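Me: I have a model open and want to go through how its pieces pack. Can you take my questions as they come?

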Amino acid sequence: MSAEKQKSLEDCETLAKKQKTEEPAKDHLEIINEIKQSRLSCASSSTKRFKFNKKRVRVLSEAMDIPDDADSIIYWMSRDQRVQDNWAFLYTQQLALSFDLAFCVCFCLVPKFLDATIQCESLNIHFHVLLGEAETVLPAFVKENNIGGIVTDFCPLRVPRKWLSDVLAKLPEDIPLCQVDAHNIVPCWIASDKQEDGVRTFRKKLQVKLKDYFTQFPPVNEQKQSAKHALEPVDWNTIESNLEVNMDVKEVAWAKPGTTAGLCKISEFCKCRLENYNDLRDDPTKNNLSQISIQRTILQVFKFKRKYEPSVDAFLDEAVVRRELAENFCYYNENYDKVEGADDWAKETLKDHTQRQMVTEGKMHGFLRMYWAKKILEWTNSPEEALEFAIYLNDKYELDGQDPNGYAGCMWSICGVHDQSWSERSVFGKIRYLSYNGCKRKFDVDGFIAKYKEK
């Protein structure tokens with residue numbers, strides 16, 4: 001193992017140990033305690049008694065019933081890498097409690113997911129890291145450990161969907177596999193049964209269905225039934241040495257992993273930045289975004305609606321409507337990362353006619369990312385080449401790389417997806433144009449450049 005990889009691994013282990021004892025700042029305790037209490041109020045004694053919305057779940061296998069002699073239920077954790085506020089995790093525990101079975105989590109390949117192992121250990125839930133392709137290691141684990149069923153989370157992208165179909169093909173015929181959309185507020189397949197043209201039509205559909213899904217999470221409780229199979233310690237050195245990891249992209253300093261760090265970010269956003277979110281969200285010189293995934297964040301933000309209504313409405317539109325529109329696009333359009341996935345008007349017009357922040361912080365402000373992708377279109381030889389470069393750089397450096405938001409954003413900027421046709425101009429055709437002068441009207445360009453100027 002290289003010295004750089006070894007240092008990276010040691011840093012992860014140190015951070016994981018620190019998370020066990022690190023206490024949040026006092027000014028964040030109020031919201032953190034409020035969140036814990038809101039979970040408890042959903043299920044006063046047990047997750048088993050919580051009325052789970054079964055519309056969040058779909059069975060993908062032909063098998064529907066858990067075998068009578070099963071020992072455990074598995075949550076195959078993939079995209080939604082958290083314990084609390086995770087509908088897939090909660091549904092797996094509810095199944096396990098209902099059938100008096102043990103509950104374990106399996107995670108394939110990723111070597112640095114340390115926070116989950118800590119939380120699962122305290123809840124008497126086994127956490128297994130399986131090295132190898134999911135289609136091989138997961139069915140083998142099921143057979144070896146008398147697993148009675150699998151629950152997994154949802155991702156609309158083609159590679160995770162192939163993992164899922166490959167595992168399904170190799171599972172024993174009597175083992176059910178179901179999927180829970182733990183990423184979207186309204187499950188992607190419920191929100192719409194087709195690819196939506198844009199925000200306006202999708203927003204109406206989503207608003208009608210939100211009332212059934214915009215609900216509080218109960219807590220994940222300690223599992224009383226212990227798994228019979230042995231829990232092998234995770235050998236992080238073996239994992240690190242067996243995976244090919246691109247060490248060129250450095251870890252970002254500002255994003256701290258773990259439940260406590262995440263809850264502190266929510267508290268910080270609600271207390272310090274939410275009030276001015278609507279006015280400052282498009283200004284990349286202001287640190288006024290939430291900087292955290294939305295499952296728990298939107299529940300807290302919504303409580304401020306009377307106090308900061310314009311900002312709350314703007315945040316919900318970005319975090320729910322536009323984000324889930326990106327999921328819709330990738331789920332129903334198999335060419336979500338190709339020019340062929342654009343509307344006919346955009347393909348026809350394309351046929352006729354800020355990176356330092358991203359590298360150092362693993363993110364680029366939303367408005368600048370749109371401008372950046374449009375400049376790539378201007379600088380390259382073809383829209384196909386522009387899209388290829390934009391996706392490559394986005395996936396390599398952005399924290400939301402290989403995510404529907406990234407693909408939909410690149411397609412909006414370069415191929416006009418979810419947009420309308422505009423007045424025709426050179427290079428861009430009828431694709432929306434963003435100008436340097438437009439940037440200067442929105443924010444202090446010189447100030448932004450000075451902030452990220454190479455030292």
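Me: Which hand is the crossing of helix 2 and helix 10?
Reply: Helix 2 and helix 10 cross in a right-handed sense. A crossing is right-handed if the near helix is turned clockwise from the far one by less than a right angle, and left-handed if anticlockwise. This is a predicted model, where local features need pLDDT of at least 70, side-chain atom pairs count only at pLDDT 80 or more, and totals for chains, interfaces and linings use all residues. Residues are numbered from 1 along each chain as its sequence is written, and side-chain values use heavy atoms, leaving out hydrogens and water.

Me: At what angle do helix 2 and helix 10 pack?
Reply: About 110°, with the axes of helix 2 (residues 26–42) and helix 10 (residues 259–273) 9 Å apart. Axes are lines fitted to C-alpha atoms, for helices over the stretch in contact, and angles run from 0 to 180 degrees between N-to-C directions. Helices (H or I, at least four residues) and strands (E, at least two) are DSSP runs numbered from the N terminus. Helix 2 and helix 10 are therefore roughly perpendicular; angles of 65 to 115 degrees get that label, under 35 is roughly parallel, over 145 roughly antiparallel, and the rest oblique.

Me: Which residues make the contact?
Reply: Helix 2 brings Asp 27, His 28, Ile 31, Ile 32 and Ile 35, and helix 10 brings Leu 263, Cys 264, Ser 267, Glu 268, Cys 270 and Lys 271. Contact means heavy atoms within 4.5 Å. By class, six are nonpolar, two polar and three charged. Nonpolar covers Ala, Val, Leu, Ile, Met, Phe, Trp, Tyr, Cys and Pro, charged covers Asp, Glu, Lys and Arg, and the others, Gly among them, are polar.

Me: And how do helix 5 and helix 6 pack?
Reply: Helix 5 (residues 134–144) and helix 6 (residues 158–170) meet at about 40°, axes 8 Å apart. That makes helix 5 oblique to helix 6. The crossing of helix 5 with helix 6 is right-handed. Ala 134, Glu 135, Leu 138, Pro 139 and Lys 143 of helix 5 touch Asp 166, Val 167 and Lys 170 of helix 6. That contact has four nonpolar, no polar and four charged residues.

Me: Switching topic: how many residues are in the largest nonpolar core?
Reply: It has 36 residues, and those with the most contacts inside it are Phe 52, Trp 87, Phe 89, Tyr 91, Val 105, Ile 125 and Val 180. Such a core is a set of buried Ala, Val, Leu, Ile, Met, Phe, Trp, Tyr and Cys residues joined through side-chain atoms within 4.5 Å. Buried means under 20% relative accessible area, exposed over 50%, partly exposed in between (1.4 Å probe, protein chains only).

Me: Which element gives the largest share of this core?
Reply: Helix 3, with seven residues.

Me: What about His 183, buried or exposed?
Reply: His 183 is buried, at 14% relative accessible area. Its place is the loop between strand 6 and helix 7 (188–191). Not counting residues up to four places away in sequence, His 183 touches Arg 79, Asp 80, Gln 295, Arg 323, Glu 327 and Asp 403.

Me: Which way does phi go at Asp 100, positive or negative?
Reply: Positive, near 55°, in a residue other than glycine. Asp 100 sits in the loop between helix 3 and strand 3 and is exposed, at 57%.

Me: And where is Asn 124?
Reply: Asn 124 is in the loop between helix 4 (114–122) and strand 4. Its phi is positive too, about 60°, and Asn 124 is partly exposed at 25%.
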